[in-house]
Amino acid sequence: MNPSVDSPEYPPELARLPPGRHGLPREFVARNQRERLIAGLAEAVAENGYAGTTIAHITRHAAVSRRTFYEHFSSKDECFVAAYDTVMTELRQRVDDAFNQEEDWPQAVRAGIAAMLDFLTAEPHLARLSMVEALVAGPVVIERYDAAIQSLVPYFEAGRKGRSAEILAGLSPSTEEALVGGMVSLISRRVFADRAEELEALLPDLVEFTLTPYLGSAEAAKVARAA
Amino acid sequence: MRSRNRTVWDWYLNGIRLRRGRRPGFGTLSFVTSKSTRRPPPGQEALSRDFIARHQRARVIRALAEEVSEKGYRAVTVADVVSRAGIARNTFYENFRSKEGCFLAAQDFAMTAALERVVGAAGEIEDWPHRVAAGLAAFLRYVAEEPALARACIVDALGAAPDAVEYYEESLQAFVSLFRLGRDVSAHGPELPDTLEEALIGGVFWILYQRLLIDEPERVEQLLPELVEFALTPYLGAAAAREVADEAEVNPAGVSGDQKTE
């Protein structure tokens with residue numbers, strides 16, 4: 001059931017797998033190839049931009065054959081979508097974990113934003129892939145990009161809970177959308193200009209900006225500037 | 001320290017980055033922020049011999065915008081634009097190098113026109129909250145009147161070439177100075193974060209993007225009260241912002257007309 005790596009069914013690039021992984025189930029190998037292709041695409045796009053990336057670039061970075069590429073993806077676009085989804089799943093998970101670790105909502109917002117900025121700072125190539133290249137990678141990715149931004153809305157909507165009637169009256173239905181739109185715009189302009197190193201410094205500004213409608217300026221500033 | 005930084009920041013955020021030489025539209029910025037708004041002197045307006053050429057250029061730009069807003073940026077070809085505009089292919093290439101070039105021109109065309117509207121409506125209003133409301137009202141009116149151009153420049157720009165995305169993001173910064181004046185009337189102006197205006201503008205345009213994405217240009221003007229409230233709250237607090245927003249809701253024309261001083 002578990003043919004050895006020498007089996008002709010396996011493409012030669014598997015020889016590059018670390019020694020301990022020999023004889024792994026076919027499914028794993030396939031997943032592994034897929035992951036390598038996704039990583040290869042991320043590297044290729046970082047080097048050449050989306051438009052300048054060819055399937056040859058991707059397979060070279062992934063060290064797999066062209067045929068293997070087409071076993072997993074029908075096009076560069078499709079491979080990009082997979083890469084985009086991988087990055088966003090990871091980012092979303094980190095934000096979610098950070099947010100859920102805090103009981104107090106303003107602190108949870110702060111932790112969530114910090115987690116997002118940390119990730120994008122640590123992975124500037126992936127930041128570019130998900131915020132810059134995604135925009136020119138076709139309509140499918142654009143739809144996902146929109147959905148990813150909109151998926152941040154509930155974190156802020158949670159802030160309506162327990163607010164006074166006066167504050168709630170001042171929050172229009174689109175408040176949260178405007179907040180996430182503003183936040184993403186601040187971040188993406190810096191990623192666009194290759195200034196990912198400035199992202200972490202945005203934390204207090206973003207916290208203050210997003211909390212102000214719920215807490216008022218003074219209280220929001222306090223949470224934002226607390227170490 | 002902080003105020004010195006702010007000068008640099010202002011310069012950057014204002015978006016008057018003419019270094020690349022393809023952002024002539026931002027020259028109108030000074031009209032947005034200064035009190036006296038006058039159109040550019042007649043000498044800078046078109047000479048009559050340029051009129052036809054300009055007219056033709058505008059026609060191509062509109063044709064491109066219509067094509068893009070119907071089919072999406074990627075699917076549109078120069079042939080589509082040429083046939084829609086009813087011009088010769090040569091004429092297209094006399095004006096633009098490529099589809100990409102034409103799209104950038106469309107962005108510049110729309111942004112310049114929108115800023116002129118904003119200036120015309122808001123420039124002479126002394127009271128800052130009403131100035132912002134009038135400016136937003138004029139901008140939304142322009143979007144409603146030019147749905148194809150607005151959709152192309154606000155929605156499709158994001159999926160077009162990298163240059164177009166960059167132009168979009170940077171051109172929005174033209175509004176920074178108008179918003180930033182709110183710091184002078186805010187009780188906590190000096191403490192507001194440096195990036196506030198950038199974030200507010202990003203937020204406003206994200207709402208517009210969402211609304212245009214689902215093809216509701218005719219409903220865009222209804223966004224006025226909530227956008228006014230969103231933009232003013234950080235400076236004035238929720239209650240005062242709400243008051244101006246309510247006025248805008250009752251009389252959207254009023255914020256751009258009656259409040260003018262003179």
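## Chain A: overall make-up

Of the 227 residues in chain A, 42% are buried. The model is a predicted one. Chain A contains twelve helices and zero strands, and along the sequence its pattern reads α-α-α-α-α-α-α-α-α-α-α-α.

Among the contacts in chain A with a separation of 6 or more, 59% are between residues 24 or more positions apart.

## Domains of chain A

Chain A is divided into domain 1, residues 1-73, and domain 2, residues 76-225. The contact between them takes 13 residues from domain 1 of chain A and 14 residues from domain 2 of chain A.

On the side of domain 1 of chain A that touches domain 2 of chain A, helix H1 (26-52) and helix H2 (55-62) each supply at least two residues. H1(A) gives the most to this side, with nine residues. Sorted by class, this side of domain 1 has eleven nonpolar, two polar and no charged residues.

## Helices H4 and H6 of chain A

Two packed helices are described by the angle between their axes and the distance between the axes. For helix H4 (residues 76-100) and helix H6 (residues 124-131) of chain A, the angle is about 115° and the axes are 10 Å apart. The crossing of H4(A) with H6(A) is left-handed.

H4(A) brings A:Ala83, A:Tyr84, A:Val87 and A:Met88 to the contact, where they meet A:Leu126, A:Leu129 and A:Ser130 of H6(A). By class, the contact of H4(A) with H6(A) has six nonpolar residues, one polar residue and no charged residues.

## Positive phi in chain A

Most residues other than glycine have a negative phi. A:Ala63 is not a glycine, yet has a positive phi of about 55°. A:Ala63 sits in the loop between H2 and helix H3 (66-72) of chain A. A:Ala63 counts as partly exposed because 16 other C-beta atoms lie within 10 Å, whereas a buried residue would need 20 or more and an exposed one 12 or fewer.

A:Asp194 also has a positive phi of about 55° and is not a glycine. The place of A:Asp194 is the loop between helix H10 (175-192) and helix H11 (203-215) of chain A. A:Asp194 has 11 C-beta neighbours inside 10 Å and therefore counts as exposed.

## Chain B: overall make-up

Chain B has 15 helices and zero strands. Of its 262 residues, 50% count as buried. Contacts between residues 24 or more positions apart account for 70% of those in chain B with a separation of 6 or more.

## Helices H7 and H13 of chain B

In chain B, helix H7 (residues 128-145) packs with helix H13 (residues 224-236) at an angle of about 150°, and their axes are 10 Å apart. This angle makes H7(B) roughly antiparallel to H13(B), because angles over 145 degrees count as roughly antiparallel. The crossing of H7(B) and H13(B) is right-handed.

H7(B) makes the contact through B:Pro129, B:Val132, B:Ala133, B:Leu136, B:Ala137 and B:Leu140, and H13(B) through B:Leu224, B:Leu227, B:Val228, B:Ala231, B:Leu232 and B:Leu236. By class, the contact of H7(B) with H13(B) has twelve nonpolar, no polar and no charged residues.

## B:Pro147

B:Pro147 lies in helix H8 (residues 147-155) of chain B. With 18 other C-beta atoms within 10 Å, B:Pro147 is partly exposed. B:Pro147 and B:Glu229 are 82 residues apart in sequence, and their C-alpha atoms are 24 Å apart in space.

## Contact between the chains

Chain B gives 33 residues to the contact and chain A gives 31 residues. Helix H9 (162-172), helix H12 (196-213), H13 and helix H14 (238-250) of chain B each supply at least two residues of the side of chain B that touches chain A. H12(B) gives the most to that side, with eleven residues.

The residues on the side of chain B that touches chain A divide by class into 15 nonpolar, nine polar and nine charged.

Key
Residues numbered from 1 in each chain as written. Chains lettered and ligands numbered in written order. Predicted model: local features only at pLDDT ≥ 70, side-chain atom pairs only at ≥ 80, totals over all residues. Axes fitted to C-alpha atoms, helices over the stretch in contact; angles between N-to-C directions. Helix = DSSP H or I, 4+ residues; strand = E, 2+ residues; numbered from the N terminus. Parallel < 35°, antiparallel > 145°, perpendicular 65-115°, else oblique. Left-handed = near helix turned anticlockwise from the far one by under 90°. Contact = placed C-beta atoms within 7 Å. Nonpolar A, V, L, I, M, F, W, Y, C, P; charged D, E, K, R; others polar. Domains from an automatic or database assignment.
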